[in-house]
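Work through the exercises below with the sequence and the model in view. Each task is followed by a solution in steps.

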Amino acid sequence: MAYETKTLLIAIGEIVKRANDVEEVYKAVAKIANAEGVLLDPFKEE
């Protein structure tokens, strides 16, 4: 597994542990994705 993948998984794990709701997690993941040039669809709670 690539080093970058490992660090992203660790960061996402920490975000999930500290989050109070799903939208909060999504926003943090979207910031990481945007930094890498990946645009995610807007969050919609169903």
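**Exercise 1. A pair of charged side chains**

Solution. A salt bridge here is a side-chain nitrogen of Lys or Arg within 4 Å of a carboxyl oxygen of Asp or Glu. Step 2: E14 and R18 are four residues apart in helix 1, so about one helical turn separates them. Helices are DSSP runs of H or I with at least four residues, strands are runs of E with at least two, and both are numbered from the N terminus. Step 3: R18 counts as exposed, at 64% relative accessibility, while E14 is partly exposed at 29%. Buried means under 20% relative accessible area, exposed over 50%, and partly exposed in between, using a 1.4 Å probe and protein chains only.

Before going on, note that this is a predicted model: local features need pLDDT of at least 70, side-chain atom pairs count only at pLDDT 80 or more, and totals for chains, interfaces and linings use all residues. Residues are numbered from 1 along each chain as its sequence is written, and side-chain values use heavy atoms, with hydrogens and water left out.

**Exercise 2. The other salt bridges**

State how many salt bridges a search of the whole structure finds, and describe the rest.

Solution. Step 1: the search finds three. Step 2: K17 and E14 form one of them, at 3.1 Å from N to O. Both residues lie in helix 1, three residues apart, about one turn of the helix. K17 is exposed, with a relative accessible area of 62%. Step 4: K27 pairs with E23, where the closest N and O atoms are 4.0 Å apart. K27 and E23 are four residues apart in helix 2, so they too are separated by about one helical turn. E23 is partly exposed, at 33%.

**Exercise 3. How the helices pack**

Determine how helix 1 and helix 2 are arranged, and which residues meet.

Solution. Step 1: the protein has two helices and zero strands. Step 2: helix 1 covers residues 3-18, helix 2 covers residues 22-35, and they pack at about 155 degrees with axes 9 Å apart. Axes are lines fitted to C-alpha atoms, for helices over the stretch in contact, and angles run from 0 to 180 degrees between N-to-C directions. Step 3: the two helices are therefore roughly antiparallel, a label for angles over 145 degrees. Step 4: L8, I12, I15, V16 and R18 in helix 1 meet E24, V25, A28, V29 and I32 in helix 2. Contact means heavy atoms within 4.5 Å. Step 5: these residues divide into eight nonpolar, no polar and two charged. Ala, Val, Leu, Ile, Met, Phe, Trp, Tyr, Cys and Pro count as nonpolar, Asp, Glu, Lys and Arg as charged, and the others, Gly among them, as polar.

**Exercise 4. A residue after helix 2**

Describe where F43 lies and what F43 contacts beyond its neighbours within four places in sequence.

Solution. Step 1: F43 lies in the segment after helix 2. Step 2: F43 is partly exposed, with a relative accessible area of 27%. Step 3: leaving aside neighbours within four places in sequence, F43 is in contact with V22, E23 and Y26.

Key. Angles under 35 degrees count as roughly parallel, over 145 as roughly antiparallel, 65 to 115 as roughly perpendicular and the rest as oblique.
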